[in-house]
Amino acid sequence: MSAEIGQFALVLALCVAVVQATLPQIGAARGNVAWMALAKPAAVMQFALVAISFAALTEAYLVSDFSVLNVAQNSHSAKPLLYKISGVWGNHEGSLLLWILILTLFGAAVALFGDNLPPGLSARVLAVQALIGIGFLLFVLLTSNPFARLDPAPLDGNGLNPLLQDPGLAIHPPFLYLGYVGLSVTFSFAVAALIEGRIDPAWARWVRPWTLAAWAFLTAGIALGSYWAYYELGWGGWWFWDPVENASFMPWLAATALLHSAIVVEKRDALKSWTILLAIVAFSLSLLGTFLVRSGVLNSVHAFATDPTRGVFILGFLLLVIGGSLTLYAVRAPALKPGGLFAPISREGGLILNNLLLSTACATVLLGTLYPLFLDALTGQKVSVGPPYFNGTFIPLMVPLVAAVAIGPMLAWKRGDLAGALGRLKAAAVLTAIAVGLAWWLLADGPILALLGVALVVWLGVGALVEFAGRLKLGRISAADSWRRAVNLPRAVYGMTLAHLGVAAMVLGITVSETWQTEVQQIVRPGDRVAVSDYEFTFEGAENLPGPNYMSLVGTFTVTRGGEPVTVLQPETRSYPNPPMQTTEAAIRTTLGGDLYAVIGEPDGNGGYAVRLYDKPLVGWIWLGSLMMMLGGFVSLTDRRHRVGAPARARVPADGALAGAGD
Amino acid sequence: MTRKQRRMTFVLGGMAVLAVAVGLVLTAFQDNLIFFHSPTEVHEKGIPPERRFRVGGLVVEDSVRQSGLSTSFEVTDTVHSVRITYEGILPALFREGQGIVAVGMLNGDGIFVAQEVLAKHDENYMPPEVADSLKAAGVWKGDE
């Protein structure tokens with residue numbers, strides 16, 4: 001029964017979405033308050049209906065109702081509870097339902113927390129949000145029904161792809177979707193503002209929290225995915241420039257740019273038209289990512305189904321959304337009044353540089369990701385664009401960006417003092433020089449990139465701390481006064497400092513783990529000792545052990561360093577019967593200083609096992625850095641300026657007052 | 001600075017970044033576009049040694065030879081086959097009869113020295129290039 005309830009609720013949600021997309025929009029155009037007021041209850045209702053539908057599908061998974069096709073194909077009665085739940089979104093249909101659930105959740109959140117929005121804007125935002133909802137609801141109902149029945153019902157299901165049976169991956173999609181779909185709110189705000197023909201600092205204040213939340217979730221989602229690849233794929237790599245990874249990374253780059261440009265709109269009423277464009281682009285890239293990943297154009301663990309009708313539907317929807325919003329932009333953007341003026345060397349200028357580099361980097365990633373698809377479509381030639389392309393274009397663009405991050409926050413709005421900012425960074429410069437010298441000495445003639453990485457880490461790390469200390473006037477006033485300043489600093493400042501330090505931590509992890517890692521691949525027999533950097537791995541043997549729904553080959557290594565015991569590593573190779581497949585489970589010992597990483601392969605038939613052993617110094621800092629960035633986002637989000645009364649609209653158009661001030 | 005001059009500064013700055021990016025993209029493309037060739041194409045086209053490309057097909061039954069960490073096997077599109085050697089641990093899903101893709105280059109003896117072997121994710125997976133080249137050879141029996 002639950003499946004029918006679920007489907008019925010989805011159809012009702014579609015009906016509600018149609019109402020929500022049309023009447024409030026018309027009401028806002030005609031000034032009809034009653035029609036505008038429809039948007040809020042409709043948004044909440046739509047969420048409630050989709051939630052019922054999602055609950056119905058979850059219930060079918062929990063009780064292993066194999067008369068539902070989706071459950072029969074993707075679940076198995078012997079699966080642990082966690083993977084029965086995560087199995088709901090571990091497939092095409094269910095993951096789309098999750099997408100819609102989150103989309104409507106954001107819609108409902110805008111309705112419930114958007115009390116300070118002017119009624120017209122609120123109605124329009126929710127109407128646009130509902131338009132996106134219609135597209136996805138139609139997609140699910142027409143091409144990807146998760147509630148289709150199977151008659152007769154099989155005795156047991158096919159099971160979930162074992163690669164997806166992992167706690168990290170169980171929560172990776174929800175986080176990623178919170179990020180992807182969170183950008184829909186920013187998109188709706190941008191489109192609503194274009195329809196209204198008005199963008200001002202108040203608009204930016206309303207948009208910023210949503211962008212921040214989406215960005216922080218997206219950061220977490222990508223980091224989780226990367227960590228999963230690190231320990232589950234068994235290659236010791238954490239980023240492969242796989243098209244699927246790029247699909248999530250491009251919206252992140254755009255969202256990062258958007259996050260920064262929205263500050264300029266908020267503080268200085270400038271860069272308005274660019275910010276609107278970024279909001280459109282960021283969500284378009286989310287949709288493009290969904291298209292790339294879900295349509296089967298790209299083959300990977302994410303491409304659940306290769307069904308051409310689905311691909312065509314998403315492509316059509318994509319063209320409609322992107323084409324429509326860009327057309328609207330082209331028509332309405334020239335009418336936006338230019339805002340406050342500023343000199344090239346200024347906080348605004350720094351943020352523009354940030355945007356320029358991020359969006360250019362995003363474009364090169366886009367090109368590298370789509371080029372093989374275009375070439376295949378046009379000439380039939382099959383090419384792949386490998387990591388060297390991405391490293392060769394992305395890194396050179398990120399180096400100046402990271403270097404500038406230390407300087408940007410020290411520049412004043414409107415007209416900055418570059419010499420003064422650099423003067424304050426003297427300590428950072430000196431420490432950078434020392435660190436580079438040290439790295440040079442350690443590396444002998446190591447790669448230049450490693451030295452550059454070390455330089456950037458120290459420069460940015462110390463720079464961010466100096467900037468923060470400057471705000472406290474540390475050392476220039478009494479400690480008690482500094483403390484008072486620290487207490488009164490806006491949370492957004494803490495968020496920014498934390499996020500920028502996170503960037504430094506991440507660059508540190510990347511640089512050190514890539515430069516100083518040790519990798520050993522060989523065949524070992526019980527009792528063999530293998531030296532990996534200054535550790536010694538002793539292979540004690542391997543045995544077959546049963547798991548809850550798999551058989552496992554477990555190898556045991558005792559690790560010593562200079563004779564002292566360090567740890568015991570037990571890498572596994574798991575063989576799943578449903579569906580038949582093998583996965584590698586790396587054994588990892590993580591410390592702040594670095595990871596020891598072991599993978600066991602198949603027996604060679606002569607009592608030996610192929611193994612891969614790594615010592616990866618500081619690799620954990622990559623995810624520690626992402627965690628800091630994410631936390632920085634959430635800390636910023638708690639800033640009271642985002643909540644308390646501030647976003648009241650100026651009575652007088654702000655641009656008139658501020659335009660003169662810039663000259 | 002007047003408003004116009006300022007705008008010019010930003011436009012020129014933007015153009016400079018874009019020009020650098022275009023330069024980076026072009027150089028990176030030149031070296032890093034990796035073509036895919038089916039075993040038949042490898043035989044017919046005479047690809048020079050020491051050029052990186054990808055080759056894929058089904059692993060020929062009984063062609064896998066292992067000694068220590070190095071493995072040698074053949075892949076076929078059922079018309080021609082190519083011998084591949086690989087040094088290292090093969091992916092868990094590497095099997096005879098399975099579709100795989102290898103990245104590497106030919107050596108002087110016409111043997112493909114792989115730097116990477118991809119056999120992805122699940123037992124039904126067929127690399128799209130392999131599926132296409134099998135279709136081209138007229139033996140694809142898949143449902144597409």
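## Confidence

pLDDT is the predictor's confidence in each residue, from 0 to 100. This is a predicted model, in which local features need pLDDT of at least 70 and side-chain atom pairs count only at pLDDT 80 or more, while totals for chains, interfaces and linings use all residues. Residues are numbered from 1 along each chain as its sequence is written, and chains are lettered from A and ligands numbered from 1 in the order in which they are written.

Chain A has an average pLDDT of 88, and 94% of its residues score at least 70. Residues 651–663 of chain A stay under 50. The model has 18 contacts beyond four places in sequence for them. Two residues are in contact if their C-beta atoms, placed from the backbone, lie within 7 Å. Residues 300–305 of chain A also stay under 50, with 16 such contacts.

## Where chain B meets chain A

Here 34 residues of chain B contact 40 residues of chain A. On chain B's side, α1 (3–32), β1 (33–37) and α3 (128–136) each give two or more residues. Helices (H or I, at least four residues) and strands (E, at least two) are DSSP runs, numbered from the N terminus. The largest share, 15 residues, comes from α1(B).

## A strand pair across the chains

Strand β1 (residues 383–385) of chain A runs antiparallel to β1(B), joined by three bridges. Strands pair if DSSP finds at least two bridges between them. Val385(A) stands opposite Leu33(B).

## Gly159(A)

Gly159(A) sits in the loop between α7 (119–143) and α8 (167–196) of chain A. Beyond four places in sequence, Gly159(A) touches Ser75(A), His76(A), Lys79(A), Asn578(A) and Pro579(A).
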